Each structure stands twice: as structure tokens, then as C-alpha cells.
Amino acid sequence: MNILYVEDNFDNYKLVEFILSKNGFIVANAVDGLDALEKAEKYKPDLIIMDIDLPNLKGLEAATLIKSKENTKNIPIVVLTAAHNHEYKNIAETIGCLAYFTKPIDPISFPQDIKRILLNDSHGSKSIDHLATQLSRSLEQKAREAAHFNKEILKGERRFNVIVESSMDPIFIVDTNGIMTYANSCSLGYEFLRSFYKKKFDFSVLFKDDVENLLKLLNQVGYLKNFKFSIENTTFIGNFVLFDGEVMIILKDITEIENISQKQKDLDNISLVGRIASGIIHELNNPLSAMKTYIDIYPSKISKVNNKDEVVWEFANKLKTSLEKILELVNNLTFFARDKNEVKVKLNINTTIKELLSFSDYDIRKGNVNLKLEYKEPISLIYGVKSNIEQALLNLLLNANDAVRTSTNPQIVLKTDENDDFVIISIADSGPGIPFEIQKEIFEPFFSTKDDGKSTGLGLSIVKKVVLEHKGGVEFFTSDNGTEFVLFFPKIKEENLDGKDQGI
Ligand SMILES: Nc1ncnc2c1ncn2[C@@H]1O[C@H](COP(=O)(O)OP(=O)(O)OP(=O)(O)O)[C@@H](O)[C@H]1O
Ligand SMILES: [Mg+2]
């Protein structure tokens, strides 16, 4: 006996086939309703076992069509389904299906039932009249399903809209005519995107000089991923996807992340110097201290032997200068190697500056520099490590002092100020400015353009380390007329001003 089992799930098929073949049946498989129609006509099986939930053409519709065709209408059909559904059962009966089995089947009784059905079969004698009714019902069912799908599609669309609209990233679509037809609200927050809304989109805004190549690539490959570009101080990563001729563009504003990772890089650089420094300092300190003692007492010893020996004097002095440079370097490196967690106290920055100038003012004024001081009084307090902030300010003052050496009218202006969040210190000089080519490097440890035998190139990296450790920042503005360095430190807000004031 040949049986056609219409079942789209291969495992289900194999199980039933196994049970039936054990009982002497030969079983073939059809994978959906359409396949069932074809195989029923072609192989004329003795029985069809029909699943209901099938792709393309549902089981009951396939059964209806088999029963309505002259050359297949006598093939007996039974239903085997997971659906315990009365309506389906009624329809199956109406079509002329001889039995309605539900999964899972009983491996003993199922083959016996099949045998009995085949023996008693009235060979599809059910009236075809019912089929017309059934077909129209089936059409109605189809219409219902279509309505259901439409509803699902609308729901999906609404979901998509909510997701895209609430996205924190700009998402927009450029259609086949190059018009920006859709932009989510986040996109419209960016001026350069807003200006193209409902207008022709200019890809050269994103792709710059590479626009032709990149558009070609996008058309060839269908997408561009992780494309990084900057517009007006804002950095984005963009994903471009070609979809039915339209380009969907999803941007991610990474300006913040980039800034943070740059700060992290700076800190890593500085802490690397610190780690190396602490090792070197340890080894250098003892021999250096010994040398310094010898050099200090050397002149007194030499004068006793021969105080006219100028060459020896000169050498001694040169040695002294070199030693001083080494000591300066060690001193600066000590700064990098020191403990990170020094205690911060409340500081009045005006007082700190005044104290600093009381012992370093001379160095600056001796070069006839006009040092102007403009204090904002009163000024909010900050939390800081006093000696570190003094060191940072001194480094900036010494740089300014070096810079104005060649000015006809050397001037340095030191100002303090504050805004809502920060106390601000600015040091402006009338020097020649910082050449563009080196502006990126000046904060790097050991970068120096000075060959005076004294400079270590650590001055500005110390400044940067100090401000970063205070959660502040440093910026500079430079031109042919001079340079201004601006430091800012988070101020202590009124409500946090309690406890003892120290170091003020
Ligand atoms: N106010 C300024 N005007 C012009 N150039 C500056 C100024 N400040 C810094 N620079 C440039 O930045 C470089 C790095 O400065 P930094 O203070 O780190 O090192 P340095 O002054 O060369 O050495 P050190 O501070 O160890 O004596 C300087 O060599 C100089 O070229
Ligand atoms: Mg310096």
C-alpha cells in the first residue's frame, strides 16, 4: 500500500514513516500543499496523510483541491495535525477526509487505524457539493489571514518608528533621487543634517574629496561600515546600507568617546614615564648626591693648590652646570614617579599664585618682563594639591618667560577668573607664538625646542598631568602676537563648602 504523507517537518515525517513501514506500508513525502497536489496526481497513492499547517498551500486547501479534481478525488485522505481545533475538524470532515488524527500518534493504534480506514474506505464518496461551500470558506479564511498580516505589518512599522525615533543616533534615508526623504528626530538636532531635510543630500559633506570613490564602493558592495569622519568639531562613525536603491545612513556621534580615549592615552603616556622614572631615580640619586657634594667643595680645595689654574676652574664650572641639568631632570622625573593619591585640600588659587610669585617673581622680572596680575576677588575655592598646582603654574610662567625673551616689549599677563563650574587661570605672553607644526607635540614628555642645555621638555607634560589629576583641563591659544595657556580646575560648589579650610 502506498501512502503519501504531506509533512513539512522532516523529523515528524521520519517518525511516521518508520512506524508505517514497519507495518508494511510504503511511504513517500510531500513537503507542502502544492507538492501534495502534484504528487497525488503523479503517484495516485492509496492514501494521503495530510498535515494542516503547511507552507505555500495549507493542508485543508490542498485536500479540497485534491477532492475536487476528477483524477484524484477518490484518493482517501486523513488529517494528521498538532492542532486540536474543532473548526478544522469540521472542515476536514466536510471536505471528505476520513479521519482527523492529532499528534503525537500512538505507534500501535495508528497503523491499525490506517489499515481499518483503507479496508472500510468509501473512496471519497463524500459529496463534491460541499466543496463549493468549503472553497468559499477557505477564501474567507484567506481574507482573514491577509487582514491579520496587514495588522502585523502595521504593528511592525509602528514598532520600527518608535525604535528609530527614540534612537540617540542620527538615522536618515536618502532615496534613489538623492533626496533625504526620512530623518529621525536625533538627525534633525544636527544643523548640517537639518539643512538637507526633504532636499537633495550632498554626500561630499560626509565623504569630502573621496565622495566619488566611496559612492562607487557603496553601490558595488551594498554597504559601507564604520566610516569615520568629522564635521564642525563633531566626530562620527557612519554605517551606510544600500536598500532597494535607497541609502539608509546610521551615524554615531563619538566626539565624547574620542575625547575620553585621548585623555586616557595622555594619562597612560604619563604613567609610563612615571614607572620608568621611578626605577631610574632610585639608581641615580645616591651617586648624584655624592657628586654634588664633591663639586660643591671642589673650588675650596683647588684654591689651596693653585688658584690661577683657570682651565680647571672652567672644567669645574662646566661639570657643575651639567650636574645641575641632571638634578633638574631627576627633580622633574620625581614629579612623575610620586604617589598619585596625594591629599587634596581646599585652595584659594589667588593666594597660591601670590605665594608662588613671592619666590619666583625675581626670575621673571630680571629679564625686564612686564608681569601684569589680574586677580578675580573674591574667587571660589578648589580642591587641589598645592605643590603640584604651583609646579604647573611655574612651568607655564617659565615657558612664557622663555617665549618673551626676544620680544621688544616683553609682557606676561596672569589672570584668574571663574565661571559656573571652573576656576580659570590664564597666562598670556607676548612671545612669537607656537609654530603650527609642533602644536600637537608640545604636551608630549621630553618634547622641547630649547637647546639651552637646561630644558628637559617635561614642563608641559607636568602641567597636563596636574590638571588631569584635578579633573580640570588645559587649553592654549597662539598666534604671531603671543600665546595664552588657560588652566581650569573644578570649583567647590557652595553646598560642598564645609569642614576646615586648609592651605588657603
Ligand atoms: N609660551 C610659549 N610660547 C612658545 N612656545 C612654547 C610656549 N610654551 C611652550 N612652548 C613650546 O613647547 C615646548 C615644550 O614645552 P615644555 O615646557 O614641555 O618643555 P621646555 O620648556 O622645552 O622644557 P622644560 O620645561 O623642561 O624646561 C617648548 O620647547 C616650546 O617649543
Ligand atoms: Mg617649559
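## Working through strands, helices and a ligand shell

Lys228 of β8 sits across from Ile237 in β9. Keep in mind that this is a predicted model.

**Exercise 1.** Work out in which sense β8 and β9 pair, and what links them.

**Exercise 2.** Now carry on to β10 and find how many bridges join β9 to it.

*Solution.* Count eight bridges between β9 and β10 (residues 246-253), again an antiparallel pair. Phe243 faces Glu246 of β10. This hairpin has two residues between its strands, and Asp244 has a positive phi near 50°.

**Exercise 3.** Decide whether α2 and α3 are roughly parallel or roughly antiparallel.

*Solution.* First get the geometry: the axes of α2 (residues 33-43) and α3 (residues 59-68) come within 9 Å and cross at roughly 25°. Angles under 35 degrees count as roughly parallel, so α2 is roughly parallel to α3. The crossing is right-handed. On the α2 side, Gly33, Ala36, Leu37 and Ala40 make the contact, and α3 brings Gly59, Glu61, Ala62, Leu65 and Ile66. Sort these residues and you get six nonpolar, two polar and one charged.

**Exercise 4.** Find which helix gives the most to the shell around ligand 1.

*Solution.* The shell has 20 residues, the closest being Ala403, Ser448, Ser455, Gly459 and Leu460. Both α14 (386-403) and α15 (459-469) supply at least two residues. α14 gives the most, with four. By type, the shell holds seven nonpolar, eleven polar and two charged residues.

Methods: Residues numbered from 1 in each chain as written. Chains lettered and ligands numbered in written order. Predicted model: local features only at pLDDT ≥ 70, side-chain atom pairs only at ≥ 80, totals over all residues. Axes fitted to C-alpha atoms, helices over the stretch in contact; angles between N-to-C directions. Parallel < 35°, antiparallel > 145°, perpendicular 65-115°, else oblique. Left-handed = near helix turned anticlockwise from the far one by under 90°. Contact = placed C-beta atoms within 7 Å. Nonpolar A, V, L, I, M, F, W, Y, C, P; charged D, E, K, R; others polar. Near = placed C-beta within 6 Å. Pairing = 2+ DSSP bridges.
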